[in-house]
Structure formats: C-alpha cells, structure tokens
Amino acid sequence: MENKERILVKSNELFNRYGIRSVSMDDIAAQLGMSKKTLYQYYTDKDELVNAVFDIVLHNNKCQCLECVKKGDNAIHEVFLSFDRVEEMLASMNPSVLFDMQKYHPSAYKKFDEFRNGFLYKIIKANLERGINEELYRENIDTDVLSRYRLHSIVLSFNSDVFPSNKTSLVYIEQQLMEVFLWGIATSKGQKLIQKYKSQRTKKSER
C-alpha cells in the first residue's frame, strides 16, 4: 500500500473513531509512524486531507447503492440491502463526524450535500417508483416529497440535540427511522415482505 493510500485509510479510521475535529495532523502522522513533514508532502493541510477522504467515502457509497439496486429482488429488498451497508458504516462512525465536517470543513460538507441531494435523491425516488410499480408501496404517495423527507431523516440520527449519542446508537436510530418509513408507505403485499426481511435479519443477528 502506497503512502498516499495509507494516509487516507488511517485518516478515515481516526475520523470515524474520534470525530474530525479531535484528530490533528500530528495524530495522523504518529499513527502512521511518519513525520508530519512527510504527511504534508502529500496533503498541504487538514482540509485537503478531509476532502480526499470523503471523496473516497462518497465514491464507495455510490458504488454500494448501485450494487443494492442491482441485487435487490424488489424495492423493499433493496432497502434492506442498503441498510445492511449503512449498518456496517455506522457501527464504527462517531456521531460528530457530520457536524465537524459541516462546521470546520465546509467544502467537504458541500460535496456530501450535493451527493445527498443529487445521487441519493435519485436513488430513493427510483426505489419509490419501483415499489409502486411492484405494488409494494401505495400508489398515491408523492415520490418527490417522500424522497426529500427520507433524505433528511437519514442524517437526523447525527443530531445530538435530537438524539444524545450517549443514549442511543446510530444503527438503532436509523433502523427505527427506516422501518417506520417503510411501514408508512407499504401496501399489505409490501408489509408481508417487510416482515420477511425483518425476520431474516433477526435470525442472522442471532447466529
């Protein structure tokens, strides 16, 4: 693994564990066993490094979303597959990451916002339309309104004013929000599939 890649991997790991603000360039250099001078040969400052890390994160998320669309047997299965990916990501993520990025690294947060309101919006809207066509979601739902609602509910779990991080986990909150959203739009046919995939997840977690 080349130095540049090592820096990005370690930085992402540290940001997720401690939050972005709490991790300094000195910390990253020390964790990598390199001098700060060497680190600055690859990234001129922390802001550039944060941007580079989140470029990769967003690219990986995009690939995973498209994979879930491809592998999903139906719209609801697609949502559960996506949540499996989200669960893996959130399990090691510090809740302060998005807040730190928004406050201290606005250029990186702008990329996240564009990704959310562009790519993710299209993915969610396409899923809703797919579900309607498959008679799994109610045909009278407004796909634009609910896509935008879902986009903003996804990041609600990171808001410490709403959900104090010491009381509830990100994964648990996201699961609750995802399930209540699905139950709210599902037809009776769709509700049977929700029960099916929930049961499969429960059995998998008990192994």
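**Glu-135**

I looked up the exposure of Glu-135 first: with a relative accessibility of 53%, it counts as exposed. I take exposed as over 50% relative accessible area, buried as under 20% and partly exposed as in between, with a 1.4 Å probe and protein chains only. The model is predicted, so I note its limits here: local features need pLDDT of at least 70, side-chain atom pairs count only at pLDDT 80 or more, and totals for chains, interfaces and linings use all residues. Residues are numbered from 1 along each chain as its sequence is written, and side-chain values use heavy atoms, with hydrogens and water left out.

I then placed Glu-135 in the loop between α7 (106-133) and α8 (143-154). Helices are DSSP runs of H or I with at least four residues, strands are runs of E with at least two, and both are numbered from the N terminus. The phi of Glu-135 is positive, near 60 degrees. Most residues other than glycine have a negative phi.

**Helix α2**

Which residues of α2 are buried? In this helix (residues 25-32) I listed Met-25, Ile-28, Ala-29 and Leu-32. Viewed down the axis of α2, the buried residues fall within an arc of 95 degrees, so they line one face of the helix. The arc is taken over the directions from the helix axis to the C-beta atoms.

I checked what they pack against and found α1 (3-18), α3 (36-42) and α4 (46-71). Just after α2 comes Gly-33, with a positive phi of about 70 degrees.

**Whole chain**

I counted 10 helices and 0 strands in the protein chain. The C-alpha trace spans about 60 × 35 × 35 Å along its principal axes. Of the 207 residues, 43% are buried.

For contacts (heavy atoms within 4.5 Å), I looked at those with a separation of 6 or more: residues 24 or more positions apart account for 68% of them.

The chain exposes about 11,800 Å², and carbon and sulfur atoms supply 51% of that area. The areas come from the Shrake-Rupley method with a 1.4 Å probe.

I noted 31 positive and 28 negative side chains, with the centres of the two sets 2 Å apart. Lys and Arg count as positive, Asp and Glu as negative, and His and the chain ends are not counted. Each charge is placed at NZ of Lys, CZ of Arg, CG of Asp or CD of Glu.

**Confidence**

The chain averages a pLDDT (the predictor's confidence in each residue, from 0 to 100) of 93, and 97% of the residues score at least 70. Where is confidence lowest and where highest? It is lowest in helix α10 (residues 188-206), at a mean of 90, and highest in α2, at 97.
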